[in-house]
Amino acid sequence: MPVSIANTFYTAFQNNDTNTMVSLYHDNATFEDPAFGKLNAAQARAMWQMLLERSKGELKVTFNVIEESATQATCHWEAIYKFGPKKRPIHNKITARFKFEDGKIIEHIDEFNFWKWSGMALGTSGWLLGFTPIVKNKVRQTVKKLLKSYMQEKAK
């Protein structure tokens with residue numbers, strides 16, 4: 001079961017199918033990554049919808065399931081996309097750890113090198129300061145504000 005959930009999730013991601021992606025999250029799920037921090041299920045669902053909408057079909061995702069058990073999976077996935085107003089090229093390499101409950105994702109943790117990502121996303125300032133808590137916290141505040149605005153707009 002876990003490999004089919006992970007495969008279904010990333011195949012949907014590759015196909016810009018947010019309906020399938022978000023349907024795989026348990027109502028009590030949590031998501032966490034270095035950019036967004038910790039999100040609840042509603043926030044995680046909205047995050048994927050926002051990210052895919054903003055990518056306008058230009059996000060390329062590859063993945064492979066590298067470990068699985070009855071209640072967990074670990075995947076490696078890569079995202080290639082353009083970021084921000086300057087359309088900086090990003091090639092992010094991520095390790096995802098999933099826990100499952102009731103056939104749904106109950107915990108999803110994405111790990112990646114934030115310093116490398118910030119260098120690609122923010123340019124020189126990211127390369128010079130991306131390892132600092134100041135930059136990480138600023139990015140986190142910015143993306144959480146964007147997510148909150150997105151969720152409010154969708155709720156209208």
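## Burial and the model

A residue is called buried when its relative accessible area is under 20%, exposed when that area is over 50%, and partly exposed in between, using a 1.4 Å probe and protein chains only. By this definition Ser-118, at 0% relative accessibility, counts as buried.

The model is predicted, and local features need pLDDT of at least 70 while side-chain atom pairs count only at pLDDT 80 or more, although totals for chains, interfaces and linings use all residues. Residues are numbered from 1 along each chain as its sequence is written, and side-chain values use heavy atoms, with hydrogens and water left out.

## Helix H4 and Ser-118

Ser-118 is found in helix H4, where helices (H or I, at least four residues) and strands (E, at least two) are DSSP runs numbered from the N terminus. Setting aside residues up to four places away in sequence, Ser-118 touches Gly-123, Gly-126 and Gly-130, a contact being heavy atoms within 4.5 Å. The buried residues of H4 are Phe-114, Trp-117, Ser-118, Gly-119 and Ala-121, and they pack against E4, E5, H5 and H6.

At the start of H4, a side-chain oxygen of Asn-113 comes to within 3.0 Å of the backbone nitrogen of Trp-115. Just after this helix, Gly-123 takes a positive phi of about 75 degrees.

## Helix H6

H6 has 23 residues and spans 32 Å from its first C-alpha to its last, close to the 33 Å expected at 1.5 Å a residue, where the expected span is 1.5 Å times one less than the number of residues. Within H6, Val-135, Val-139, Val-143, Leu-147 and Tyr-150 are buried. An α-helix has 3.6 residues a turn, so residues three or four places apart point the same way. The buried residues of H6 pack against strand E2 (37-40), H3, H4 and helix H5 (124-129).

Ile-90 is found in strand E5 and, at 2% relative accessibility, counts as buried. Beyond the residues up to four places away in sequence, Ile-90 touches Ala-79, Ile-80, Tyr-81, Phe-83, Trp-117, Met-120 and Ala-121.

Ile-66, which lies in strand E3 (residues 60-68), is partly exposed, with a relative accessible area of 48%. Leaving aside neighbours within four places in sequence, Ile-66 is in contact with Thr-74, Cys-75 and His-76. Ile-66 and Thr-95 are 29 residues apart in sequence, and their C-alpha atoms are 9.6 Å apart in space.

## Arg-45 in helix H3

Arg-45 has its place in helix H3, and its side chain reaches the backbone oxygen of Tyr-25 at 2.6 Å. A polar atom of the Arg-45 side chain also lies 3.1 Å from the backbone oxygen of Val-22. Not counting residues up to four places away in sequence, Arg-45 touches Val-22, Tyr-25, His-26 and Asp-27.

## The largest pocket

The largest pocket has a volume of about 900 Å³. Of the 34 residues that line the largest pocket, the closest to its centre are Leu-51, Tyr-81, Lys-82, Phe-83 and Trp-117. On a 1 Å grid over the protein atoms alone, a pocket is an open set of points where a 1.4 Å probe fits, with protein on both sides within 12 Å along at least five of seven lines, and lining residues have an atom within 4 Å of a point. Grid points are joined across faces, edges and corners, and the volume is the space filled by probe spheres set on the points.

The largest share of this lining, 6 residues, comes from H3. By class, the lining has 22 nonpolar, 4 polar and 8 charged residues, with Ala, Val, Leu, Ile, Met, Phe, Trp, Tyr, Cys and Pro counted as nonpolar, Asp, Glu, Lys and Arg as charged, and the others, Gly among them, as polar.

Note on methods:
A polar contact is a pair of N or O atoms within 3.5 Å; within protein, one must be able to donate a hydrogen and the other to accept it, and residues adjacent in sequence count only if both atoms are side-chain atoms.
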